[in-house]
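Subject: Structure handover

Hello,

Here is the structure we talked about. Please open it and keep it beside this note as you read.

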Amino acid sequence: MDLLSLDLLGNALVSGLLLGAFYAAVTIGVSISFGMLDIVNIAHPAFIILGSYTAYIANTALGVDPILASIVLLPAFYLLGMAIYTIYDLAFERRGDASIRGLAFFFGLLFITEVALVLVFGVDYRLVEAPYIGPSLTLGPVDLPLRLLVPALVSLGLIGGLQLFMRHSFTGRAIQAVAQDPLALRLMAANPTRIKRIAFGLSIATASVAGAVLIVIQPVEPSIARDYIGRVFAICVMGGLGSFGGTIAAAMALGVVESLTSTFSGPSWSPAVAFGFLLLTLALRPAGLFGRS
Amino acid sequence: MAASLEISGLEAGYGAVRVLHRISLRVGEGETVALLGTNGNGKSTLMKCIMGMLRPTAGTITAEIDGTRHALAGLSTEAIVDLGIAFVPEGRRLFPRLTVTENLLMGAFRPAARAEMRRNLAFCFEVFPRLAERRRQLAGSMSGGEQQMLALARALMSAPRLLLIDEPSVGLAPLLVSRTIDKIQEMKTGYGLSVLMAEQNFTQAIRIADRGYVIVHGEIAFAGDSAAALNDNALIRSFYLGA
């Protein structure tokens, strides 16, 4: 391999890893709702786009840094998630027909959110301004665009914080336990509905930050939510349901595979290679990379 | 610091089927009381009523815990556990994809138990050294005997005053049954518990029981005030030994 393609390889690897960290932030909410609660929230990417637009409003109207704005908005998204879970619980889960009707519910939420965003903002691409959009760090032959580096670090920070909460708090452990045996959870004096409401609130709260980093990385319009549905569930399953470490590893693997494919064979191949990678992983390790089986 | 339980005129069932008929029983402070009977006589139904998992149609369930009396009928399961009443259900109901330690820490979820968590964890590992060796193992990958130990220890982590155990011997090899019964006794004396234990293994249960009730077709057929009284009873002989 000549020097030029080594440079290409290095750059593709690095941008793949940075992109992967961002994919992990996009997926982490689904790792909670789908991986831990068994709730197939396919509307999650739509809430991420909502997060992009709230960061966009804060940025254009108030001149606030989009990522900072998304952190300030975490409680609002948390409450939104709790409200959605309350409706979902009353309408579906409590009656015992959550699986297919619940899927329809979230499918509906996906489109309602998307259409609402189109009605308010139109279909034009929107972008934000921040000092880290534009400049790059240079490490020898490798470029580290801050536009990717800052979102990657924010994403890893978000997931690290959640991981600490899940591992070391009583509520976090109860969230991991709730889908395994709700009755046993009651015997630990914990109310499963309350625990799930908190968990779903957290899952939607992550969409605020994930949305802000998304709009830092690329311009956003309402329908790109759908581009992320397949990728997000693929990463979640590939990493091992409910495993945050697995989510990061799978997201980075996918980021690198996509980045290498689009560097060396063109972007149109990257979804096929990415999903081939998913199938291969599941054939070799059905519980995912880090799944507890 | 102890607890007692008093059940009076309890009736319950599933739909039109009445399972329990005017059950009255008592667990005094610091006592181990055995609830004896073969399958299908209502032992588990009675346990579910006490724990708020099934609503009785008549009668009262009263627990006295550290000097305060509580009527249990109508309370949620969570609220009952939060009073300091722990339950080891039949089938153990562990969290299979959590580790041994994570299962134990889940036991300490109720606020009153969190303060005593470290001390209780040390006590559990002392009574069940095997759990200390396996603390990082997933609960679902352990043997039946180890899972029963973990279920008992997890119940203890909730810092209970009153411990209810449903069929601790089910699915265990004979040697493990007697070891489990010994461990229940060790927990009870070491922790100062009052215990109500439903069990069909009569010989094993009365080894540690102070008193016992025999439940037949949802009624208390015999109340024995001592292990000896249970041992000598003709009804029990015919019921268990076919004599």
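Predicted model: local features only at pLDDT ≥ 70, side-chain atom pairs only at ≥ 80, totals over all residues.

Sheet in chain B

Chain B holds an open sheet of six strands. Their order is β6-β7-β8-β3-β9-β10, and the pairing is mixed. Which strands stand at the edges? They are β6 (85–88) and β10 (219–224) of chain B. Each has a single partner strand, so one side of each lacks a neighbour in the sheet. From one strand to the next, the twist averages 15°.

Look next at β9 (residues 211–216) of chain B. Five bridges join β9 to β10(B), and the two run antiparallel. Within this pair, B:V214 is opposite B:F222 of β10(B).

Helices on the sheet

Helix α1 (residues 43–50) of chain B packs on the sheet. Helix α1 touches β3 (32–36), β6, β7 (162–166), β8 (194–199) and β9 of chain B. Its direction makes about 145° with that of β7(B).

Helix α7 (residues 144–156) of chain B packs on the sheet as well, touching β6 and β7 of chain B. Here the angle with the direction of β6(B) is about 170°.

Helix pair in chain A

In chain A, take helix α6 (residues 146–168) and helix α7 (residues 170–178). Their axes come within 5 Å and cross at roughly 85°. An angle of 65 to 115 degrees counts as roughly perpendicular, so that is how α6(A) lies to α7(A).

Which residues make the contact? From α6(A) come A:F165, A:M166, A:R167 and A:H168. From α7(A) come A:G172, A:I175 and A:Q176. Three of the contact residues are nonpolar, three are polar and one is charged.

Best wishes

Technical notes. Residues numbered from 1 in each chain as written. Chains lettered and ligands numbered in written order. Pairing = 2+ DSSP bridges. Helix = DSSP H or I, 4+ residues; strand = E, 2+ residues; numbered from the N terminus. Axes fitted to C-alpha atoms, helices over the stretch in contact; angles between N-to-C directions. Contact = placed C-beta atoms within 7 Å. Parallel < 35°, antiparallel > 145°, perpendicular 65-115°, else oblique. Nonpolar A, V, L, I, M, F, W, Y, C, P; charged D, E, K, R; others polar.
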